Amino acid sequence: MRASQSLIKRIAQSAVGSGFRGVGKFSTGSISYSKADQTGNAARDQAGPGISESTTHFGFTTVQENMKEKLVAKVFSGVASKYDLMNDAMSAGIHRLWKDYFIRKMAPQPGTKLIDVAGGTGDIAYRFLNYTSNICNDNTSTVHLVDINADMLGEGQKRFENTHWMKNNQIKFNVGNGEDLNFIEDNTYDAYTISFGIRNCTHVDRVVKEAYRVLKPGGVFMCLEFSKVNYPVLSE
Ligand SMILES: C[S@@+](CC[C@H](N)C(=O)[O-])C[C@H]1O[C@@H](n2cnc3c(N)ncnc32)[C@H](O)[C@@H]1O
């Protein structure tokens with residue numbers, strides 16, 4: 001699980017280019033930006049530096065852009081039912097701490113409308129609703145969980161079945177590509193999250209541009225992703 005600092009930098013560059021104003025939270029594994037007023041920079045559609053038009057990264061290999069989506073789909077359909085177990089095993093449970101921290105950093109207020117893209121089995125959605133219910137005593141916040149893979153999303157749906165959040169219409173699910181959220185209107189959400197998902201997307205610039213579009217002015221973009229540790233001992 002080697003980290004990619006250049007990827008995070010590219011996300012940040014794309015985010016700024018798309019009209020996000022950095023609010024500085026650029027730590028080891030997460031970045032967050034708040035959306036500028038509509039009078040801010042116009043969105044730009046540009047590829048990140050260092051990646052050609054026709055190839056992209058897939059894990060540690062380079063593949064044709066048009067192959068990546070299929071390869072990613074195959075990986076996640078294959079592991080969907082075991083994904084949560086695998087995540088715990090591969091990270092020794094640490095991903096839970098990162099995700100808890102991520103939601104604490106968001107510190108959602110009552111009534112927050114969140115979209116969680118590449119939401120998979122619902123780890124971020126679950127923590128968000130848990131936080132708003134138990135810390136804010138709020139039953140009006142909502143989360144829209146979007147994932148390109150129906151198998152992963154299906155596991156997420158199972159997790160929320162019979163919960164009070166489901167009964168209270170605080171969560172909904174959509175199969176969809178983060179690069180093209182055409183079923184969502186502009187300026188809809190207070191917060192946009194993407195956790196361990198952006199590296200799986202073929203065109204990061206399109207993901208960021210769509211995030212910008214669906215966020216309300218002042219809305220917050222948060223990305224949790226692997227990154228490079230700079231301390232010499234830890235980085236080895
Ligand atoms: C490593 S999982 C992360 C799941 C969850 N966010 C988490 O933190 O546990 C990556 C997810 O990204 C989804 N994904 C990949 N490409 C996507 C895209 N272009 N749009 C939406 N989801 C995508 C995959 O289907 C998969 O569910």
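**Figure 1. Contacts and surroundings of Asp123.** Leaving aside residues up to four places away in sequence, Asp123 touches Lys99 and Ser195. This close-up, like those that follow, shows a predicted model. Asp123 lies in helix α5. Asp123 counts as buried because 25 C-beta neighbours lie inside 10 Å, and a residue is buried if 20 or more other C-beta atoms lie within that distance of its own. Asp84 is 39 residues away from Asp123 along the chain, and the C-alpha atoms of the two are separated by 8.8 Å.

**Figure 2. Helix α5 and its buried residues.** Helix α5 covers residues 123-134. The buried residues in α5 are Asp123, Ile124, Ala125, Tyr126, Arg127, Phe128, Leu129 and Thr132.

**Figure 3. The shell around the ligand.** There are 20 residues around the ligand, and those that come nearest are Ala118, Gly120, Asn149, Gly178 and Ser195. By residue type, the shell divides into nine nonpolar, eight polar and three charged residues. Ser195, one of the residues that come nearest to the ligand, is also touched by Asp123.

**Figure 4. Val175 in strand β7.** Val175 has its place in strand β7, which covers residues 171-175. Val175 counts as partly exposed because 14 C-beta neighbours lie inside 10 Å. Apart from residues up to four places away in sequence, Val175 touches Asp147, Ile148, Ala150 and Leu153. Between Val175 and Asn149 there are 6.5 Å in space, C-alpha to C-alpha, although the two are 26 residues apart in sequence. Asn149 is also among the residues that come nearest to the ligand.

**Figure 5. Strand β8 and the strands that pair with it.** Strand β8 covers residues 189-195. It is mostly covered, for seven of its seven residues are buried. Strand β5 (residues 113-117) pairs with β8 in the parallel sense over four bridges. Within this pairing, Leu114 has Ala191 of β8 as its bridge partner. Strand β8 also runs parallel to strand β9 (residues 215-224), to which six bridges join it. Here the bridge partner of Ala191 is Val220 in β9. Ala191 therefore has a bridge partner in Leu114 and another in Val220, as judged from the bridges that define a strand pair.

**Figure 6. The β-α-β unit of β8, α8 and β9.** Strand β8, helix α8 (residues 204-214) and strand β9 make a right-handed β-α-β unit. Helix α8 is mostly covered, with nine of its eleven residues buried. These buried residues are Val204, Asp205, Val207, Val208, Lys209, Glu210, Ala211, Tyr212 and Val214.

**Figure 7. The hairpin of β3 and β4.** Strand β3 (residues 55-58) pairs with strand β4 (residues 61-64) in the antiparallel sense, over four bridges. Phe58 has Thr61 of β4 as its bridge partner. Two residues lie between the strands of this hairpin, and Gly59 in the turn has a positive phi of about 60°.

**Figure 8. Two loop residues with a positive phi.** Most residues other than glycine have a negative phi. Ala92 is not a glycine, and its phi is positive, near 55°. Ala92 is placed in the loop between α3 (83-91) and α4 (94-106). It is exposed, because 8 other C-beta atoms lie within 10 Å, and a residue is exposed if that count is 12 or fewer. Asn187 likewise is not a glycine and has a positive phi, of about 55°. The loop that holds Asn187 runs between β7 (171-175) and β8 (189-195). With 13 other C-beta atoms within 10 Å, Asn187 is partly exposed.

**Figure 9. The protein chain as a whole, for orientation.** The secondary structure of the protein chain comes to eight helices and nine strands. The chain has 236 residues, of which 39% count as buried. Of the contacts in the chain with a separation of 6 or more, 74% are between residues 24 or more positions apart.

Methods. Residues numbered from 1 in each chain as written. Predicted model: local features only at pLDDT ≥ 70, side-chain atom pairs only at ≥ 80, totals over all residues. Near = placed C-beta within 6 Å. Nonpolar A, V, L, I, M, F, W, Y, C, P; charged D, E, K, R; others polar. Contact = placed C-beta atoms within 7 Å. Right-handed = clockwise from strand over helix to strand, strands pointing away.
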